[in-house]
Amino acid sequence: MPSLGASFGRGGATTFLQDLQNSDCIVIQGSNMAECHPVGFQWVMEAKRRGARVIHIDPRFTRTSAVADQHVPIRAGSDIAFLGGIVNHILANDAYFEEYVRAYTNATFLVRDDFQDAEELDGLFSGYDEASASYDQTSWRYAGGEQDAGAAASNKGFAHGEAHGSGGPTIDPRGIQTDPTMQHPRCVLQVLKRHYARYTPRVVAEVCGVPVEDFRQVCEAVVANSGRERTTCWVYSVGWTQHSTAIQYIRGSAIIQLLLGNMGRPGGGILALRGHASIQGSTDIPTLFNLLPGYLPMPEAVGHETFDDYLAGIRDPHQKGFWGNAHAYVISLMRAWYGDAATEDSNWGLDLVPRISGDHGTYQTVLDMLDDKVEGYFLLGQNPAVGSAHGRLQRLGMAHLRWLVVRDLNLIESATFWKDGPEIETGELEPTNIPTEVFFLPAASHVEKSGTFTQTQRLLQWHHKAVDPPGDCQSDLDFFYLLGQKLKARYAGSTDPKDRPVQAVTWHYENDDDGEIGDAVLREISGSGSDGLVSGYLDLKADGSTSCGCWIYSGVYADGVNQSARRKPGQEQDWVAKEWGWAWPYNRRQLYNRASADPDGKPWSERKAYMQWDGEHWVGPDNVDFVKDRPPSYRAEEGATGPAAINGDDPFVMQADGKGWLFAPSGLVDGPLPTHYEPAESPVDNALYGQQGNPTREVFLRKENPMQPSGSEPGADVFPYVFTTYRLTEHHTAGGMSRWLPYLSELQPEFFCEVSPAHAKERGLEHLGWATIVTARTAIEARVLVTERVRPLQVAGRTIHQVGLPYHWGVGSDAVVSGDAANDLLGLALDPNVHIQESKVAACDIRPGRRPRGTALLRLVEEYRSRAGITVETGQQRLTPKGTAP
Amino acid sequence: MSLGQTFLGWPVLRQLTGTDPSGRGPAAQSARTAGLRARTETADRVVDSICPYCAVGCGQKVYVKDERVTQIEGDPNSPISRGRLCPKGSASEQLVNSPRRTTTVRYRRPYGTEWEDLDLETATDMIADRIVQTRERTWQDIDAQGHPLRRTLGIASLGGATLDNEENYLIKKLFTALGAVQIENQARI
Amino acid sequence: MTTNPAVDAGWADPPPRKGFFTDTSVCIGCKACEVACKEWNAVPDDGMNFLGSSYDNSGELGGSTWRHVKFIEQPPVDLGMPSTTLPGSEGTKTDFRWLMSSDVCKHCTHAACLDVCPTGALFRTEFGTVVVQEDVCNGCGYCVPACPFGVIDKRIGEGVKNEGLAQKCTLCYDRLQDGLTPACAKACPTESIQFGDLDELRERAAQRVDQLHGAGVPQARLYGEDPDDGVGGLGAFFLLLDEPEVYGLPPDPVVTTRDLPRMWKRAGLAAATLLAGAIAVFGAGS
């Protein structure tokens, strides 16, 4: 999300599923789309029918690979080397779309002369501070003008990156030096060239285990299928987002798509496939510690004391584009939440908002539970005992709580860990020693409530209530509304200042015709002013006269109509189908679609025509993602800011400089360019740099979180295999909505591991037998599936075996099927931008037979740790000491 | 019903008197079979919904008879899914009507070994009380340098990916007013 | 236009024969068909058995599995032969194939199960399909060995609905009555399962084979579309990417009751004589 945000200005998928049919080439990487989004995959098959080439780059041969034209097996955790190799191929062969790149990207911009690349510093960029394991990003900035002098703060710890979900990173665009010939050694294009010059096909082969010929085929396919006449789309999912360098994976594809001129064009773009029904929605209207609705950052303890301080921290007053109006969005949100208590005197209500002061993410919170800092925990349709990394830590953490509220459809393992979790079996926990008071409240299913999900293409779709929930079942909407009323009543007479926000928060929603409050909540989200409902965020004011619960969703209730509930049949519309649901922002389906036309506003080609300038307006099948009546020739006046400063050829309207970012001068904490680092746990050394892993990744040095040695470190050979976790078509995440259903459970009834025949032979594993998989955290058992679909790879001159582990099962007694949980194997190492765990790759051992029971299990794992010489510091050093690398 | 009418319905007689002398077609069709109709056609109402599983957001039609969901299938009108559903989406009816679903409040007291029954209203009141007590015990007004915090780190939340936007909105709004900041979601995972 | 078995079975002026065309070249093995079938027809689960037969844990068609997705992993064959090609690709070579195919009752033109059914539980519908009537079936099981494809079977499982009765795909006979598409075909995300008038499906299938041949997939072939085969053609036929045996299908299926018509003729004569007397007695009064 921050990656797309830092590259293009918004974190959402840039395109929509139906547009895949227009692609000439579809690269699916970090996604198993056919298995995880089967119905969306119909659009890939549609493209294939029309002659498109489908390429699947993935460690495993999956159901997606089965129907792809080419499957490229890749070592898990090495995608940046692969993507960098493609960038190198494009630049070395002058295969980029020159006119697009020059006009719409920051390729011509000059970077400061004190910037030093990872190529010069053996894997670090300039500005690295060892003590804080973070970067001072000042030297990454553009050269020239005002912003050159401005100091950039290191944003580490606060997940600032995520605040670019809709609004690019902060820079002052005035006076940036450029070189339109793109020859200046410090212009972005040349910086890029140097950075990736060593990412040759041979290096790709060595790092990724991909044969040179396979790699060449991919490069040639994407180049041949890009340009004026053709477009390529890149599809990714959590196969990319769950790494310690996740954000830079996505940046890699962003760079390729900008260089090839595929952004904003039909059949192009980057399709971020969110995993579940409303993952996109839950970041847009976040239940995330660091965000307020619409990607407005949560205020921080230091530096955000006043509204003006806060505002200065989230946007530059001189920046271009619609993020320039951020103050109107914040004030309207505070008006929606605190009504008349949100005035200029109360810093527009920010005085009522709690402050963050570091990482308060879910993994840090679990560690805080172990330290008895957290008393109460709500689990709302989430099963961390199975679905989160390091499940053991999750369960032990919950056993330290005073109270736990679980709201779900079924008695999931996170509700029953105190009774039948794995730690009960090992004797680490006993019910009579667990103080946690557990409330299980049954939830309403999707047909028992009304509301919106935001699916993967930023589309809000309303689902209507069909029946009343059974028994005590209740929607989270009703539960929290009622809980809020009870709390307001309890605090009504309080004079304690800490209770003031509860007293002030607006908390009254009328029932609609179905007796539901969802409609009223959606109206608040959409926003209103003195004239009634607003039509979109352009109507929002910074004077307190408008209120809006989520500025990017503003307009979802435009004209008094629930736009998300529109269901004009697809058959009665053109293929863009604008009258089905409502997409943020402003019901635009393809983002940055100004770029589908050339700088003069004409389609790049007849074949790829989409939006174009007709002399007065932008016209085409979509709503233009631009100022509607701004001509291509428009040039902003000197000193203009915000929307007025957007030139006629600035397609990236949320970016401070209006351009797509090949190089990110701001916004990402781990570097302006994707650079290959090894995963936190890897069997090999980094072949490109002395720096082994992401030098800014988030680590937790605690005895409960042992990490393993990597590469040539002593003890790394104790865990010689790579494993990756994933899901299957037949199940849903941690199983709460699938393992309780016989029809789904029977299709995949048992936890299994996938290994290659060669690996099975090496370790004596038998098909359909049992295997025990061991890491420094725990050991779990799985049935063995020996399959040629898993292939040993040749990496750095040796054979690397990979183990595949679907993560749907958990230990409990209420589900139809249960089993050990793959996520129990994982340690905690997080991406520094967004604090997402590295769960797509780690190292393990595998051995035949079932795992030991009881304390014998603990002894086995202890024996492994001791053999590998693991201490609290092992694998936790972010800066690789000099002289230890090859 | 006369004896003759009954008898004439006998397959074997229909076989010999009708167009189906081999007795494999209409003559063999039972009255029950002849009366079979799609249950979706007799639903009391059909409600538009969206699949709760993955992020494709397939359109669903929910068929309701006698206040019970009798079938959930793809909505052909959706321009995204065009009426299709994957195995999970196709299992939605079982998700809703599953006999394994827990539909009453379960309560486990501290150090308890078994679940107990609890009234929903009582449970909600108890949870409100826990929140009040935890805020009292864990409130942080300022940090060591005097910067404002106005928060509690004593209450955390982790939401799933099937929460509606409206639900996430109220959750974030309420917890923020309470000063709880560790409000997280599957989106982080 | 081929013979319509519905006409042969005595339906006057039946609708066009309905059937399935399963194009395995676009199957993604998602098993939506298996679940949609069970949901619509209230077919019970078939047991929680990990078979590890690639991604298949349903095993085979049976009394409680009316749609079954097969998974065939084809490791590279290195015999100096040309390497295999992925479905739908244009000349790209790879050395591994994972074939998936959703199997179902074939609704044979000459259906042995129907031939041997002594109770009239199995019957030919006006759509040309073959359906078991649960209220007529007595669970004798004669139909089970008669099927050349091993489709029909008695439902097992204590206390399950229709326990012990012969069960199989009905091509959603109830849905067809209302002009609806069978549940499996409706759900299929990639249109691997196509439902329609059999004649039209056969045309469509022939075009698809031509298209695949043109795209460098010479292995594409149809199975069961030929009205002159041993079962008179299948009401549910397939596009395969390899020999039928690879998919567990008999290469040359023959109706197991090929010789029955002669036998029936004699038996029928005797029965008719008896019944003529009965009609003379009871029928006169109506």
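A residue is called buried here if 20 or more other C-beta atoms lie within 10 Å of its own, exposed if 12 or fewer do, and partly exposed in between, with C-beta atoms placed from the backbone. By that count, 54% of the 189 residues of chain B are buried, and buried residues make up 69% of the 886 residues in chain A. This is a predicted model, in which local features need pLDDT of at least 70 and side-chain atom pairs count only at pLDDT 80 or more, while totals for chains, interfaces and linings use all residues. Residues are numbered from 1 along each chain as its sequence is written, and chains are lettered from A and ligands numbered from 1 in the order in which they are written.

**Chain A as a whole**

- The secondary structure of chain A comes to 26 helices and 29 strands, where helices (H or I, at least four residues) and strands (E, at least two) are DSSP runs numbered from the N terminus.
- Chain A has a radius of gyration of 26 Å, which agrees with the value near 29 Å that a compact globule of 886 residues would have; the radius is taken over C-alpha atoms, and the globule rule is 2.2 Å times the number of residues to the power 0.38.
- Along the principal axes, the C-alpha atoms of chain A fill a box of roughly 75 × 70 × 55 Å.
- Of the contacts in chain A with a separation of 6 or more, 74% are accounted for by residues 24 or more positions apart, two residues being in contact if their C-beta atoms, placed from the backbone, lie within 7 Å.

**Chain B as a whole**

- Chain B has seven helices and eight strands.
- The radius of gyration of chain B is 29 Å, well over the 16 Å that the globule rule gives for 189 residues, so chain B is more spread out than a compact globule.
- The C-alpha atoms of chain B fill a box of roughly 100 × 45 × 25 Å along the principal axes.
- Among contacts in chain B between residues at least 6 apart in sequence, 28% join residues at least 24 apart.

**Helix packing in chain A**

- The axes of helix H5 (residues 79–92) and helix H12 (residues 246–259) of chain A come within 9 Å and cross at roughly 15°; axes are lines fitted to C-alpha atoms, for helices over the stretch in contact, and angles run from 0 to 180 degrees between N-to-C directions.
- That angle makes H5(A) roughly parallel to H12(A), given that angles under 35 degrees count as roughly parallel, over 145 as roughly antiparallel, 65 to 115 as roughly perpendicular and the rest as oblique.
- H5(A) passes H12(A) in a left-handed crossing, a crossing being left-handed if the near helix is turned anticlockwise from the far one by less than a right angle, and right-handed if clockwise.
- Residues of H5(A) including A:Leu83, A:Gly84 and A:Val87 meet residues of H12(A) including A:Gly252, A:Ser253 and A:Ile256, and the contact has nine nonpolar, four polar and one charged residues; Ala, Val, Leu, Ile, Met, Phe, Trp, Tyr, Cys and Pro count as nonpolar, Asp, Glu, Lys and Arg as charged, and the others, Gly among them, as polar.
- The axes of helix H9 (residues 201–208) and helix H10 (residues 212–224) of chain A come within 9 Å and cross at roughly 115°, and this crossing is right-handed.
- A:Pro201, A:Arg202, A:Val204 and A:Ala205 in H9(A) meet A:Val212, A:Phe215 and A:Arg216 in H10(A), a contact with five nonpolar, no polar and two charged residues.

**Backbone exceptions**

- Most residues other than glycine have a negative phi, and most peptide bonds are trans.
- A cis peptide bond, with omega about -10°, joins A:Trp584 and A:Pro585, and A:Pro585 is placed in the loop between strand S17 (582–583) and strand S18 (612–613) of chain A.
- A:Leu768 has a positive phi near 75° and lies in the loop between helix H25 (757–763) and strand S23 (770–774) of chain A; with 13 C-beta neighbours inside 10 Å, A:Leu768 counts as partly exposed.
- B:Tyr111 has a positive phi of about 65° in the loop between strand S4 (106–108) and strand S5 (116–117) of chain B, and with 14 C-beta neighbours inside 10 Å, B:Tyr111 counts as partly exposed.

**Contacts between chains**

- The contact of chain B with chain A takes 101 residues from chain B and 129 residues from chain A, and helix H7 (residues 165–178) of chain B gives the most to the chain B side, with 13 residues.
- The side of chain B that touches chain A has 48 nonpolar, 28 polar and 25 charged residues.
- The contact of chain B with chain C takes 36 residues from chain B and 33 residues from chain C, and the side of chain B that touches chain C divides into 15 nonpolar, 13 polar and eight charged residues.
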